[in-house]
Amino acid sequence: MSYHCPLCGKPTEYKEELHGLCEECYAKIHSSRITGEPRVSITVCNICGRIKFGNSWIRLSVENFKKILSSAVKKLKLFKKAKFEIVISDLSKDLLMQGIEEGELQIPIRLVSNDVPIKDINITTNFTRTICPLCMKKRTGSYFEYVIHVRFSRKKSKNCVTEVQRIIDNVLRFADPSTFVDVKKIAKGLDIRVSDRRTGRIIAQRIKMRFLAESYEYLERRYDATLKKLITIRKVTLEI
Ligand SMILES: [Zn+2]
Ligand SMILES: [Zn+2]
């Protein structure tokens, strides 16, 4: 004996989580509650582009942004009672950057419940610009724990800069999201300032290994007026 949807009468498979309804009826019932175009507001740091997530600030990437947007959407009153999965497929880094620049972005999302697509809607995302606490700190100059001076000849410059940046990007992928790395190109090479000692050490080691560089390490202690304490900065010079 075959089962029929109690609403439309269509033969369907009985699924308890869909309350016995067929997928179409299940989607129709859920989507009828969703009207209008919901808005969310996302805070972005003007300087580093990090996005605020709860009490922390995380690096801007499409993946991170999707996570934050989903969480913001789930908090909307409209969706409070219903449990949806939010699928965001159409979002590129370029589009995201453009939205942040313009202050607003329409993002198509798909609401899914129990594996049944319920509705496709547009989320209007407003971007609020501010300066994150980390950048604030950075501005005071009291932020860095590790400084790497990479030195190379002008001839090697192009290759070295690209390769060092690649190493940094790779290390940052696994670093704590609050880690800051500031790379400054100077005539004799690169000055890299890293917010935390551990990440700084890893970056220095990778560069050293990649280029078989000579290294000199020393400590610098200075009194930080803002933090009102003596801070230690580890400095490494790498000669390529
Ligand atoms: Zn039905
Ligand atoms: Zn920032």
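Strands are DSSP runs of at least two residues, numbered from the N terminus. Strand E6, for example, covers residues 116-130 and includes Pro117. The model described here is predicted.

The protein chain contains 6 helices and 11 strands. Its domain assignment gives two parts: domain 1 spans 16-130, and domain 2 spans 141-239. The C-alpha centres of domain 1 and domain 2 are 37 Å apart. The C-alpha atoms of the chain occupy a box of roughly 80 × 40 × 30 Å along the principal axes. The radius of gyration is 25 Å, whereas a compact globule of 240 residues would have one near 18 Å. Of the 240 residues, 22% count as buried. Among contacts with a separation of 6 or more, 59% join residues 24 or more positions apart.

The largest nonpolar core holds 23 residues. Within this core, Ile148, Val150, Val164, Ile192, Ile203, Ile207 and Leu238 touch the most other members. Strand E7 (146-151), helix H5 (157-173), strand E9 (189-194), helix H6 (197-211) and strand E11 (229-239) each give two or more residues to the core. H5 supplies the largest share, 5 residues. Val150 shows how these parts meet. Beyond residues up to four places away in sequence, Val150 touches Val164, Gly189, Leu190, Ile192, Ile207, Leu238 and Ile240. Another core lies apart from this one and has 16 residues, including Val44, Ile51, Ile68 and Ile109.

Helix H5 was examined next. The buried residues of H5 are Cys160, Val164, Ile167, Ile168 and Val171. Seen down the helix axis, these buried residues fall within an arc of 100 degrees, so they line one face of H5. The face turned away from the buried side carries exposed residues: Lys158, Asn159, Thr162, Arg166, Asp169 and Arg173. The cover over the buried residues of H5 includes E7, strand E8 (181-186), E9 and H6.

Helix H3 (residues 93-102) was treated in the same way. Its buried residues are Leu96, Gly99 and Ile100. Down the axis of H3, these residues also fall within an arc of 100 degrees, so they line one face of the helix. Asp94, Gln98, Glu101 and Glu102 are exposed on the other side of H3. The buried residues of H3 pack against strand E1 (39-45), helix H2 (62-74), strand E5 (104-113) and E6. Gly103 follows H3 and has a positive phi, near 90 degrees.

Two residues in strands illustrate contacts between separate stretches of the chain. Ile86 sits in strand E4 (residues 85-87). It has 18 other C-beta atoms within 10 Å, while a buried residue needs 20 or more and an exposed one has 12 or fewer. Ile86 is therefore partly exposed. Leaving aside neighbours within four places in sequence, Ile86 is in contact with Ser70, Val73, Lys74, Ile109 and Leu111. Ser70 is 16 residues from Ile86 along the chain, and their C-alpha atoms are separated by 6.0 Å.

Pro117, in E6, has 14 other C-beta atoms within 10 Å, so this residue is partly exposed too. Ala27 is 90 residues away along the chain, yet the C-alpha atoms of Pro117 and Ala27 are separated by 6.8 Å.

His19 has a phi near 55 degrees. This residue lies in the segment before helix H1 (23-31). With 13 other C-beta atoms within 10 Å, His19 is partly exposed. Asn114 is not a glycine either, and its positive phi is about 50 degrees. Asn114 belongs to the loop between E5 and E6. There are 16 other C-beta atoms within 10 Å of Asn114, so it is partly exposed.

Terms used
Residues numbered from 1 in each chain as written. Chains lettered and ligands numbered in written order. Predicted model: local features only at pLDDT ≥ 70, side-chain atom pairs only at ≥ 80, totals over all residues. Domains from an automatic or database assignment. Helix = DSSP H or I, 4+ residues; strand = E, 2+ residues; numbered from the N terminus. Rg over C-alpha atoms; globule rule 2.2 N^0.38 Å. Contact = placed C-beta atoms within 7 Å. Core = buried A, V, L, I, M, F, W, Y, C linked by C-beta atoms within 7 Å. Arc of directions from axis to C-beta.
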